[in-house]
Amino acid sequence: MNPIVGIGEVLWDVYPDGHKVAGGAPFNFAFHCHQLGHPSVIVSRVGADELGRELRERVRELGLSDEYIQTDPEHPTGTVQVTLGANAVPKYTITEYVAWDYIAWEDRLEALAASHRAVCFGTLAQRFGTPVPVHRFTTPRSTTALAVFDVNLRGSYFDVDRLEWGLGVCDWCKINADELNTLRALLGSSTPNELAQGWMSAFAERAVIVTHGEDGCEIYHQREARGAEGDPLFPPETFAVPGVKANVVDTVGAGDAFTAAMVCLHLEGKSLREAAAFAVHYAARVCEQPGGTPRIARAEVERAAGLR
């Protein structure tokens, strides 16, 4: 089976007590795809330092390959200082000019770019310019691979041009409610429908997935198939999925886990409604353990979501 790809930051999340956890949204995404039974890889970069060597080892311990993690001889391995605020919501202080800011195109990525089933990318790894690999995995568009733009705004590390570009090359835009408000201010789109119609290119299908934390998610879905007269064969579909109560320890990585669950079940042929029902339960279980890559039993989540 061809792999699912996360492109962008892999780093150490460092907590106030000094404890560090392998993280970065694209890496968390790839880990959860792997945990859900799908081959997955992370395309990223670490420094030629002890933190980089430890991070590679941790990636392998979690069951993923470090084959597509590059080594940067000049820039250090990325770190993020994590503090937990109200309701265990994390705040991040992100070190700048680190290895994952300089992900480069390599010949060995050519086959991966031609064979992947889905790719997920965000805004943070584009903070100092979009890395060539992100472009090569999304432009020109594959007719088969699913491209997911997990907006994932952090601090001031984004701008209108990169947001517009990401929306223009993706099939799915996953965004939380606060980020949607930011896009409304920047782009003038007030609803997921308007966001999809106004900014996302019309590929085989497109979806805007808005997460609301413990209150679940809402999804706008549009398939572009048309009849002989050019009329849409499928009307836009909009629905909401209720949230799931959780005994929250922290919410680090919950959004990445949600995205991975949506992608995996979609690739397995589940409807978006079924995928979303599973994803909200899966993300809730992630919130009940520390860090972004806890072990979760898929079968238990399936039973809770009514899929077994």
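This is a predicted model: local features need pLDDT of at least 70, side-chain atom pairs count only at pLDDT 80 or more; totals for chains, interfaces and linings use all residues.
Four strands make up an open sheet with mixed pairing, and their order across it is β3-β2-β6-β7. The edge positions belong to β3 (20-23) and β7 (90-94); each has a single partner strand, so one side of each has no neighbour in the sheet. From one strand to the next, the twist averages 30°.

Look next at how β2 (residues 11-14) meets β3: the two run antiparallel and are joined by 4 bridges. Within this pairing, L11 is found opposite G23 of β3. A helix also packs on the sheet: α2 (residues 50-61) touches β2, β3 and β6 (79-84), and its direction makes about 95° with that of β2.

## Nonpolar cores

The largest nonpolar core has 36 residues, and the members that touch the most others are W172, I219, F258, M262, V263 and Y282. At least two core residues come from each of α1 (25-35), β8 (118-121), β9 (146-150), β11 (205-211), β12 (217-223), β13 (237-241), α8 (254-267) and α9 (272-287). Helix α9 provides the largest share, with 10 residues.

What does V263 touch, leaving out residues up to four places away in sequence? Its contacts are I4, F29, A118, L146, V148 and W172. Another core, of 33 residues, lies apart from the largest one; V41, L153, V169 and C173 are among its members.

## Rings and charges

Across the whole structure, a search finds 5 aromatic pairs. One of the aromatic pairs is W105 with F137, an edge-to-face arrangement with 6.3 Å from centre to centre and 65° between the planes. This pair links distant parts of the chain, 32 residues apart: W105 belongs to the loop between β7 and α3 (109-115), while F137 belongs to helix α4 (residues 132-138). Is F137 buried or exposed? With a relative accessible area of 4%, F137 is buried, since the limit for that label is under 20%.

Elsewhere, F121, F149 and W165 are linked into a cluster by ring pairs. Charged side chains meet rings too. R273 has its charged end over the ring of F239, 4.2 Å from the ring's centre. R298, in turn, lies over the face of F278, 5.7 Å from the ring centre.

## A buried histidine

H221 is part of strand β12. Its relative accessible area is 9%, so H221 counts as buried. Which residues surround it? Setting aside those up to four places away in sequence, H221 touches E205, R206, A207, P236, E237 and L272.

Most residues other than glycine have a negative phi.

Y97 sits in the loop between β7 and α3, and at 45% relative accessibility it counts as partly exposed. The place of N152 is the loop between β9 and α5 (160-169). Is N152 buried or exposed? At 12% relative accessibility, N152 counts as buried.

Terms used. Residues are numbered from 1 along each chain as its sequence is written. Side-chain values use heavy atoms; hydrogens and water are left out. Two strands pair if DSSP finds at least two bridges between them. Axes are lines fitted to C-alpha atoms, for helices over the stretch in contact, and angles run from 0 to 180 degrees between N-to-C directions. Contact means heavy atoms within 4.5 Å. A nonpolar core is a set of buried Ala, Val, Leu, Ile, Met, Phe, Trp, Tyr and Cys residues joined through side-chain atoms within 4.5 Å. Buried means under 20% relative accessible area, exposed over 50%, partly exposed in between (1.4 Å probe, protein chains only). Rings of Phe, Tyr and Trp (its six-membered ring) pair if their centres lie within 6.5 Å; planes under 30 degrees apart count as stacked, over 60 as edge-to-face and the rest as tilted. A charge sits over a ring if NZ of Lys or CZ of Arg is within 6 Å of the ring centre and within 35 degrees of the ring normal.
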